[in-house]
Amino acid sequence: MTNYEHYQATVERVNATILRDITVPWKVKYQPFGNLATLESNEQLLFMVAPSGTVSQRLLLPPSLAQKIWPDNEPVNRLVTEYVVRGAARLAPLRQPSYRNNFPHWLEQSLQQLHYLVSSKEQLLQVMEDSHYPFPSKVKIEGSYLPCWVWYQKDGQSAVSVIDRRTGLFSKPRSVDHNQLVDNEKWLGAQVIDSVDESIETITYYVSELIKGQKQPDKDEPTLTDAIHNPCSSTLSPVFSVALTMGVVAGFFIILKMFLGF
């Protein structure tokens, strides 16, 4: 088996494993304009939310387009889920920092890139139906090969988004001649490719980091006032821990002051 064949086999197994865990569709959730001070009135922010409550994709679209393609509270087409998972499975075996840095952006912002290119649900699903896409690659621009995502090919032109090597952010999509892309078989044949278990571990790690980043601070954490007015064990324990820490710090500085004589 060549390294390229090893990569393909790894991707296929990782993709199948992740898809087995997604049995309930994501759901579209609109975010109200009034709660987002930085959002312009002609934009609609919407989330695709997994059954666990995790935001799986974020989209910022003109309201009319959002309502036409992604109605609020509608279940998300299975093709969309498969598309995002397929991309993650193709990204996971690659060790280069630029692709690893892109992982969080892929999990939340990859569909936004497609919306820069297509403007109807029919076109969108047509692109997603082609299992050859999307795939990570490299594209030659101004004499340098840059990491990128390839979205589709049409009339000898490939739609790509370059990945910023340092931050992993997507650039706005552009069309390039298909011959500007590396030969994927040769390129992947020269890469160190992670195993199935390592690739699944990579996806699991970035998903867990995504979930951590989306968790809201615990608003139920009791304050000192809560403890005074309602001195039960559930309020006293956290407050006592904070008070004890503050007491230790204060004691340390008092002793230090006594020994140093100031």
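Lining the second largest pocket of this predicted model are 17 residues, with Tyr-4, Arg-90, His-132, Phe-135 and Asn-184 nearest its centre. (A pocket here is an open set of points on a 1 Å grid over the protein atoms alone, where a 1.4 Å probe fits, with protein on both sides within 12 Å along at least five of seven lines; lining residues have an atom within 4 Å of a point.) Its volume comes to about 390 Å³, meaning the space filled by probe spheres set on the points, which are joined across faces, edges and corners. Helices (H or I, at least four residues) and strands (E, at least two) are DSSP runs, numbered from the N terminus.

The largest pocket holds about 520 Å³. Of its 21 lining residues, Ile-18, Ile-22, Trp-26, Ser-56 and Val-207 sit nearest the centre. Here α7 gives the most, five residues.

Then there is the sheet: three strands, open, in the order β1-β2-β3 and paired antiparallel (pairing takes at least two DSSP bridges between two strands). Five bridges tie β1 to β2 (residues 44-49), and Lys-27 faces Val-49 in β2.

Residues are numbered from 1 along each chain as its sequence is written. Local features need pLDDT of at least 70, and side-chain atom pairs count only at pLDDT 80 or more, whereas totals for chains, interfaces and linings use all residues; side-chain values use heavy atoms, leaving out hydrogens and water.
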